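This briefing concerns a structure whose sequence and coordinates follow. The points below are grouped by topic.

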Amino acid sequence: MDETLHGMLIANAGILLEYRGTKILIDGLYQVTDNPFSDIPPDILRRLLDGEPPYDGVDCLLFTHRHSDHFSAELTLEYTQRRRPKILLLPPGVWESQSWPRDYLAEQGIPYVLPSCMDERTLVPGVTVRSFSTRHLDKQYWEVPHSCLLLTLGEKRVLFTADVDYTSETFPGLPPLDAVFVNPLFFRALRAEKFFHGILPAKAVCVYHIPFPEDDCGQMRPTLKRDVERWPPERGKVILFTEPGRWEEL
């Protein structure tokens, strides 16, 4: 059986993983309401909700936190009604809020996991997740519950850092990683070896959470381009997730 792990950008921090026929959607159902990041392109959102290839057969929905550029309760509810994933990992804190119909999953028989610093949990055969609490970057968001997700898919290990406060989190005790997903600010800290004082033992650094060109009011894409050009090649390959709908091998 093919052991290749692939990832595809949905938009922003939304990533679709595929391994051995299992598909996992991370932070891929959201609607931007209060920040400069890009929304899901309408055609991709339609195909996600309709289950059209390559967005068909998604087994697991995972979320890192409840900010509007990572999670929409309304879209997630609509998706579970139409597509019925095998398991759902809710963003921390949303279960206790009124924005999520807490009885719905039980009524529909959809298994769910709550990400409260849990031990490694099996999502589907051959795929596990470990969620651990980390602080969100920027003091104004420190009160927002935030998780990083460590996925193990067969022999592959992938870490999603979302909006982690890389100035305080050091990721102690991580196993060797095949890939780590970081946003452009975290990537710059890694490249310059400033602010981040931990270790990310990854073969590939995947940069995501990047606005589309028409939304890039902060010139994040040109800055990222310069950072990639200055990245030391001996520190592993860099994969940019800037174009939706294209599979990348991890």
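**Charges over rings**

R135 lies over the face of W142, 3.6 Å from the ring centre; a charge counts as over a ring if NZ of Lys or CZ of Arg is within 6 Å of the ring centre and within 35 degrees of the ring normal. R235 lies over the face of W231 at 4.5 Å from the ring centre. The model is predicted: local features need pLDDT of at least 70, side-chain atom pairs count only at pLDDT 80 or more, and totals for chains, interfaces and linings use all residues. Residues are numbered from 1 along each chain as its sequence is written, and side-chain values use heavy atoms, with hydrogens and water left out.

**Second largest pocket**

- The second largest pocket has a volume of about 200 Å³, the volume being the space filled by probe spheres set on grid points that are joined across faces, edges and corners.
- A pocket is an open set of points on a 1 Å grid over the protein atoms alone, where a 1.4 Å probe fits, with protein on both sides within 12 Å along at least five of seven lines; lining residues have an atom within 4 Å of a point.
- Its lining includes W231 and R235, together with V180, E193 and F196.
- Two or more lining residues come from each of α4 (184–192) and β12 (202–207); helices (H or I, at least four residues) and strands (E, at least two) are DSSP runs, numbered from the N terminus.
- The lining residues divide into nine nonpolar, one polar and two charged; Ala, Val, Leu, Ile, Met, Phe, Trp, Tyr, Cys and Pro count as nonpolar, Asp, Glu, Lys and Arg as charged, and the others, Gly among them, as polar.

**Aromatic pairs**

- The count comes to 11 aromatic pairs; rings of Phe, Tyr and Trp (its six-membered ring) pair if their centres lie within 6.5 Å, and planes under 30 degrees apart count as stacked, over 60 as edge-to-face and the rest as tilted.
- F160 and Y208 form an edge-to-face pair, 6.3 Å centre to centre with 65 degrees between the planes.
- F160 in strand β10 (residues 156–160) and Y208 in the loop between β12 and α5 (220–229) are 48 residues apart, so the pair links distant parts of the chain.- F160 is buried, as is Y208; buried means under 20% relative accessible area, exposed over 50%, partly exposed in between (1.4 Å probe, protein chains only).
- The rings of F181 and F241 form a tilted pair, because their centres are 5.2 Å apart and their planes at 45 degrees.
- Both F181 and F241 are buried.
- Ring pairs link F132, Y166, F171, F186 and F196 into a cluster.
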